[in-house]
Amino acid sequence: MSFLRRRSGQPAGPDFDVLAMDPGDWPGDFGAAMMAGPDGSCQGIFLRYDLFGGRGPAMFIGNLPENSPARDTGDAVPFEVRQLLAALENNEPVEFVSAEDFPVLLGDDLLIVKKVKVSEERVFCSQFGRSDGVQVTIASWDRPISDDLYQLLKPLPADMFQQG
């Protein structure tokens, strides 16, 4: 899996590959945001996929490096789930219910995906760790995350995250 290796050289954005669905393959609106640390380092990249031109966010994908403060939420509810609910203006409290590991085949490779269940039943969430220490979290609204989605994930070009 080539996307699981750290990029060499000086990247234009974060110092890790950002794994997501190609925005050109998404039929609605797409947005990206970077979480910067106090020293200017990249503490995470978040991708928001809106459904069909503004009817609301359908999915958040987060890429969080090892030392990102967003990885430790204190209550086991992933940061991306909270961001998805905030974007939907859903202010109901949400709690962690359970997590279970599932194997997913990517060609000849095996990916262990943790499916996270929260108290808001319309939210679907899965997480996996990459060999470079980056944690990828997918939070989806009202759409189960199928194994096919992992086949669509790929590194996005670094120039998408250049400032300027």
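I will start with Lys 115, which sits over the face of Phe 102, 4.7 Å from the ring centre; the criterion is NZ of Lys or CZ of Arg within 6 Å of the ring centre and within 35 degrees of the ring normal. This is a predicted model, where local features need pLDDT of at least 70, side-chain atom pairs count only at pLDDT 80 or more, and totals for chains, interfaces and linings use all residues. Residues are numbered from 1 along each chain as its sequence is written, and side-chain values use heavy atoms, with hydrogens and water left out.

Now the aromatic pairs. The whole structure has three, counting rings of Phe, Tyr and Trp (its six-membered ring) with centres within 6.5 Å; planes under 30 degrees apart are stacked, over 60 edge-to-face, the rest tilted. Phe 46 and Phe 79 are tilted, at 5.1 Å and 45°. Phe 46 is in strand S3 and Phe 79 in helix H1, residues 79-87, so this pair ties together parts 33 residues apart in sequence. Helices (H or I, at least four residues) and strands (E, at least two) are DSSP runs, numbered from the N terminus. Phe 46 is buried at 8% relative accessibility, while Phe 79 is partly exposed at 22%. Buried is under 20% relative accessible area, exposed over 50%, partly exposed in between, with a 1.4 Å probe and protein chains only.

Phe 128 and Tyr 150 have ring centres 6.2 Å apart and planes at 80°, so they are edge-to-face. Phe 128 lies in strand S7 and Tyr 150 in helix H2, 22 residues apart. Phe 128 is buried at 4%, and Tyr 150 at 2%.
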